[in-house]
Amino acid sequence: MLKPFRGTYDQLPAITDRLDYITGKMKHVARLYGFGKISTPIFEYLNVFTHSLGDTSDIVTKEMFTFEDRHGDRIALRPEGTAGVMRAMITNKLTQDLPQKLFYYGPMFRYERPQKGRSRQFHQLGTELIGDPSPQADIEVIAMGWDLLCALGLKDKVVLEINTLGDTASRDNYRKALVDHFKQHVGDLSDESQIRLEKNPLRILDSKSEQDQPFIQTAPQMKDHLTDSARAFFDEVLAGLESLKIPYKLNSRLVRGLDYYCHTAFEFTSTHLGAQGTVLAGGRYDSLSEIMGGPALPGVGWAAGLERIDLLLDQTPEPARPISLIPIGPEAEKESIKLAHILRQNDIALNSKNRGNLKSRMKYANKINSRAAILMGEDELKNQSVVVKDLDTGTQETVPLSNLTTYLKK
Ligand code: ATP
Ligand code: MG
C-alpha cells in the first residue's frame with residue numbers, strides 16, 4: 001500500500017473549507033491594513049535559510065528538509081516565510097520602494113516529531129512590514145494579528161505575551177549578564193543549553209528542558225539591561241497597545257527562536273492547545289536584510305500556524321446549501337442536463353446524483369444537505385414547469401421554468 005509521508009496529511013474538502021475560511025479572514029484584514037499578497041517559491045537555495053536563520057537555530061540544526069538537485073545545488077523546502085520574502089525584496093529591488101506591506105500564506109516544511117498541532121508539512125499565514133523603523137509599525141502589525149484573531153472569534157481564547165530584546169547595545173549588556181549567571185550553573189544545564197551558552201546564551205531562555213527551568217527562573221531580565229532608547233521604543237509600543245485596548249502580558253522570558261530579532265518580540269498563545277500553545281508569533285528583525293546581503297532595512301512581522309488556528313475554532317460557517325435536480329423519465333433526464341447548466345450559469349449551486357431512481361436521488365440530496373429538490377417529470381415538462389420541494393419543510397410548489405431562477409434565489 002502506498003503511504004503518505006509521516007507528518008503530512010491530505011486536505012480533504014471539509015478541511016479546506018475551514019482553512020479557506022481562515023485565509024479568507026486574513027485576506028480581508030490584510031486589505032483593511034493595506035497589505036498586498038506575496039507568494040514566494042516553496043523551495044529556495046539552502047543558504048537563503050542558513051544565512052537568515054543562523055547556524056544555531058532549531059530549524060537549521062535539525063528541522064530542515066534539504067536535498068541536492070541534479071546539478072549538486074543545495075536546496076531546502078521552506079521552513080518559514082520571512083527569509084523567502086526578504087530574499088524576494090532584494091531580488092525584485094522592492095528595497096527601493098518602501099515601506100513594503102506584504103502578507104502570505106502557504107505550506108511550510110519542518111522535520112519535526114509529528115503530534116497534535118505539529119506536522120511536517122503545515123501551513124502558515126504571515127505578514128511583514130518592511131522599511132519602517134518606528135514603534136508605530138510594531139503596533140500596526142500586532143493590531144493586525146489581534147484583529148485577525150478577533151475576526152475569527154478567538155478574542156477570549158488567546159493572550160498576547162510581549163517582551164523586548166532591545167537594540168544591539170542592550171543585547172550585548174544582557175548577554176554578558178546571562179553568561180555570568182548561567183556559567184555558575186553550567187554543569188547542571190541540559191546539554192543543549194550548554195552549547196547555547198557558548199553560541200547564543202539568549203536562547204537558553206527559550207529552552208523547554210525541565211532541567212534548565214530553575215536557572216531560567218532566576219536569570220537576570222532584559223528590562224534591567226536596556227539602553228534608554230530601547231526602553232523608550234518598548235514603552236511606546238506598549239502605550240500604543242494600551243490606547244488600542246489590546247490586552248497584553250509582559251513575559252521577560254519570551255525570546256524568539258531565531259537570531260535576527262531585536263526590540264519587540266510577541267506571541268499570541270492559547271491555553272486550549274496543550275503543549276503547542278503558540279498560535280501567532282513575531283517580532284522586529286532590523287538586521288535580517290543585511291545578514292542576507294541586502295541593504296540596511298528594518299522590518300517587523302509575524303506568522304501564524306493555520307492548523308493551530310483551526311484547532312481553536314469551534315465552528316466555521318457552512319458553505320451555502322445547494323439544490324438538487326431530480327428528473328423522472330428519459331425525456332426529463334435529457335432536459336435536466338440543460339436545466340442544471342442554465343441554473344449554474346445563473347449562480348445557483350446545484351449538486352445532484354446523475355443516476356438512479358427517485359428514492360436514491362432523494363437520499364443523495366438529503367445527504368449533501370440540499371435545501372431544495374427540483375422534481376422534473378414528463379407532465380411538468382409538457383407544461384414548461386417543475387416542482388420545487390423544500391427539503392426542510394417538505395412543502396412543494398409548481399414553478400414555471402421561466403420563473404425558476406428568480407424563485408430559487410429568493
Ligand atoms: P514551536 O515553539 O511551537 O516549535 P516555533 O517557534 O517553531 O514554534 P515559529 O517558527 O515562530 O514557531 O512559527 C510560527 C507558528 O507556526 C507557530 O506559532 C505555530 O503556530 C506554527 N508552527 C510552527 N511549527 C509548526 C509545525 N511543525 N506544525 C504546525 N504548526 C507549526
Ligand atoms: Mg518549532
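Helix α4, a run of ten residues (82-91), has seven buried residues and is therefore largely enclosed by the rest of the structure; here, buried means under 20% relative accessible area, exposed means over 50%, and partly exposed lies in between, as found with a 1.4 Å probe on protein chains only. Helices (H or I, at least four residues) and strands (E, at least two) are taken as DSSP runs and numbered from the N terminus. The model is a predicted one, in which local features need pLDDT of at least 70 and side-chain atom pairs count only at pLDDT 80 or more, whereas totals for chains, interfaces and linings use all residues. Residues are numbered from 1 along each chain as its sequence is written, chains are lettered from A and ligands numbered from 1 in the order in which they are written, and side-chain values use heavy atoms, with hydrogens and water left out.

The buried residues of α4 are Thr82, Ala83, Gly84, Val85, Met86, Ala88 and Met89. Among the elements that cover these residues, where contact means heavy atoms within 4.5 Å, are the strands β2 (43-45), β5 (100-109) and β6 (121-130), together with the helices α2 (46-53) and α10 (288-291).

Strand β7 (residues 159-164) is likewise largely enclosed by the rest of the structure, because five of its six residues are buried. Two strands are said to pair if DSSP finds at least two bridges between them. Strand β7 is joined to strand β9 (residues 262-269) by six bridges, and these two strands run antiparallel; within this pairing, Leu160 stands opposite Phe268 of β9. With strand β8 (residues 248-250), β7 pairs in the parallel sense over three bridges, and Ile162 stands opposite Leu250 of β8.

Most residues other than glycine have a negative phi, and most peptide bonds are trans. Helix α4 is followed by Lys93, whose phi is positive, near 55°. In the loop between α4 and β5 lies Pro99, which is joined to Leu98 by a cis peptide bond with an omega of about -5°. Asn369, in the loop between α13 (358-367) and β13 (372-376), is not a glycine and yet has a positive phi, near 65°; this residue counts as partly exposed because its relative accessibility is 38%. Gln384, which is found in the loop between α14 (378-382) and β14 (385-390), also has a positive phi, of about 55°, although it is not a glycine.
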